[in-house]
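Please examine the sequence and the structure shown here before reading on.

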Amino acid sequence: MKSLQREFALCLSCTAILSANCKNGIREDVNHRKMNVLFIMSDQHNANALGCYGHNVVKTPNIDNLASQGALFKRAYCQTGQSVPSRFSIFTGRYARTTGTYANGQLQKAEESTVADLFSKEGYVCATIGKHHMVMNASNRNHGFDVVEVPVGGHRPVNSLPKDEVYPGRSLVGESSEPNEKHSCGLIASRTIDFIRENKYRPFVVWCSFHGPHTPIVPSSPWSRMYSVSDVQLPPNHNIIDTEMPGVEGLMRKSGKFSSEMYHKQTTTFYWGLISQIDYNIGLVIDELKRLGLDENTIIVYTADHGEMMGEHKAWTKGTTAYEATIRVPYIISCPSLFDGGQERDELVCSIDLLPTLLDCAGLRIPSNIQGRSLLPLLKKEKTAWRDYIFTELGSSVDNDCVGVRSQTAKYVRFKKNGKVIYEQLFDEVNDPWETINHINNPKYVSTLNELKKALNDWETNVETSEPCLLK
């Protein structure tokens, strides 16, 4: 009997200890618990179309709340304004010219270490749920991801805008025929929530990647009807087209006919609606994270792989350009246990900074070949020297591309074909933030042009390059 009493007492003691180390039913070792990562990404999100970035019409309460609890970077840029190379640069923390994935339709080298490769070595379970846009197979080990799922649904519109007028990216624009729970937005959020629940006792990295607001621009009701054309003001550069820019004709064809400004406004209402639908689903994921008591121990990121012209220069989708509309991205990081919220940062930051930042926040080693920089010193408000320029590129190779360098005040863009410069642009980002005037031949900007040319030349000289990783 005494033996049974001792065992019962021991069970009670263990239960008490377990209860003391629990939060909302989740066992927690406060001294050894690893940081989780919830990386939320959208595709083709113009940074201007967010409440927290100053838009007074678009409703994004959940992303806005995330920004209020973390840090919002106002001058954040992707390294490539196209999905595949941009995403692989984010996954690796390295430039497209270094990984060899320069453009859509090119492969990704299996030997490149990705976020999943690096975190899985430390005992993390890693998932990509939604639009990863990578080649995932056994030969490249799914780039390190344990779980790869691509829920798709709700992309067939009803009452779509006229196809002969509005056909951005060769896709329809209109209201989805499916409710949120059957739309890709809802499906991706739901599966992300399931993954978090399934792995609540394990350290995890989950890449929650929405298909929108990339085309097809097809939000479900009620978001499809949330905005009206009377809410829309076309951007100040809407009627400014650089007809000499290489590729401009293809960009306009890819956008659609758009013979009337009304079509631009109608398309904008659906684009905003899809953003608000994504925001709603982001809220569902974050709410579940909080319900499980994991929010204090999770690094949350919101960004996009690249931007969207959204009617700027009369264009939609994106092209081989370095316009702010396509290379500037929303960029929010939150982790209350590591740094204060409510920060709005002006530093020039890059998409390749995200991986080293996540590793740093998790207390993991940053490999020496990563070309981005950890943002944690900035987030902790430590004094640290920071970069003066960011660089972006898009093309099939280093000899056929559009490369750009941006400082805090100006941007220089160089178009190359077969290794020869065929066109240049210079923008004054202080006095002309909508990039309406090309100052490349303006003598008043000679010193600025020389400064940016030198910075770009140095970057092209010093950054490691690889041959394009082409399909065999």
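Predicted model: local features only at pLDDT ≥ 70, side-chain atom pairs only at ≥ 80, totals over all residues.

Residues are numbered from 1 along each chain as its sequence is written, and side-chain values use heavy atoms, with hydrogens and water left out.

Helices (H or I, at least four residues) and strands (E, at least two) are DSSP runs, numbered from the N terminus. Two strands are said to pair if DSSP finds at least two bridges between them. Strand β3 (residues 36-43) pairs with β9 in the parallel sense through six bridges, and Asp43 is placed opposite Pro213 of β9. Strand β5 (residues 125-130) also runs parallel to β9 and is joined to it by six bridges; here Gly130 stands opposite Ser209.

A further group of strands forms an open sheet with antiparallel pairing, in the order β13-β14-β15-β16. Strands β13 (390-397) and β16 (420-428) are at the edges with a single partner strand each, so one side of each has no neighbour in the sheet. On average, neighbouring strands of this sheet are turned by 10° against each other, direction ignored. Axes for such angles are lines fitted to C-alpha atoms, for helices over the stretch in contact, and angles run from 0 to 180 degrees between N-to-C directions. Within the sheet, β14 (residues 400-406) and β15 (residues 410-417) pair in the antiparallel sense over six bridges, and Val403 has Arg414 in β15 as its bridge partner. Helix α12 (residues 446-462) packs on the sheet and touches β13, β14, β15 and β16; its direction makes about 55° with that of β15. Contact here means heavy atoms within 4.5 Å.

Which residues of helix α2 are buried? In this helix (residues 61-69), they are Ile63, Leu66 and Ala67. They cover an arc of only 100° around the axis, and therefore lie on the same side of α2; the arc is that of the directions from the helix axis to the C-beta atoms. An α-helix has 3.6 residues a turn, so residues three or four places apart point the same way. The buried residues of α2 pack against β4 (71-77), α8 (261-291), β10 and β11 (331-334).

Aromatic side chains also connect separate parts of the chain. The structure holds 14 aromatic pairs. Rings of Phe, Tyr and Trp (its six-membered ring) pair if their centres lie within 6.5 Å; planes under 30 degrees apart count as stacked, over 60 as edge-to-face and the rest as tilted. The ring centres of Phe91 and Phe145 are 5.5 Å apart and their planes are at 50°, so this pair is tilted. Because Phe91 lies in helix α3 (residues 83-92) and Phe145 in the loop between β5 and β6, the pair ties together parts 54 residues apart in sequence. Phe91 is buried at a relative accessible area of 1%, and Phe145 is buried at 4%. The rings of Tyr271 and Trp316 have centres 6.0 Å apart and planes at 75°, so this pair is edge-to-face. It links distant parts of the chain, with Tyr271 in helix α8 and Trp316 in the loop between β10 and α9, 45 residues apart. Both Tyr271 and Trp316 are buried.

Two loop residues complete the account. His313 is found in the loop between β10 (298-304) and α9 (324-327). Is His313 buried or exposed? Its relative accessibility is 5%, so His313 counts as buried. Not counting residues up to four places away in sequence, His313 touches Asn237, His238, Ile240, Ile241, Met252, Tyr323, Trp434 and Glu435.

Asn140 occupies the loop between β5 and β6 (147-149) and is buried, with a relative accessible area of 6%. Leaving aside neighbours within four places in sequence, Asn140 is in contact with Ala110 and Val135. A polar atom of the Asn140 side chain lies 2.7 Å from the backbone oxygen of Val135, and a polar atom of that side chain lies 3.0 Å from the backbone nitrogen of Asn142. A polar contact is a pair of N or O atoms within 3.5 Å; within protein, one must be able to donate a hydrogen and the other to accept it, and residues adjacent in sequence count only if both atoms are side-chain atoms.

Terms used. Buried < 20%, exposed > 50% of the residue type's maximum accessible area, 1.4 Å probe, protein only.
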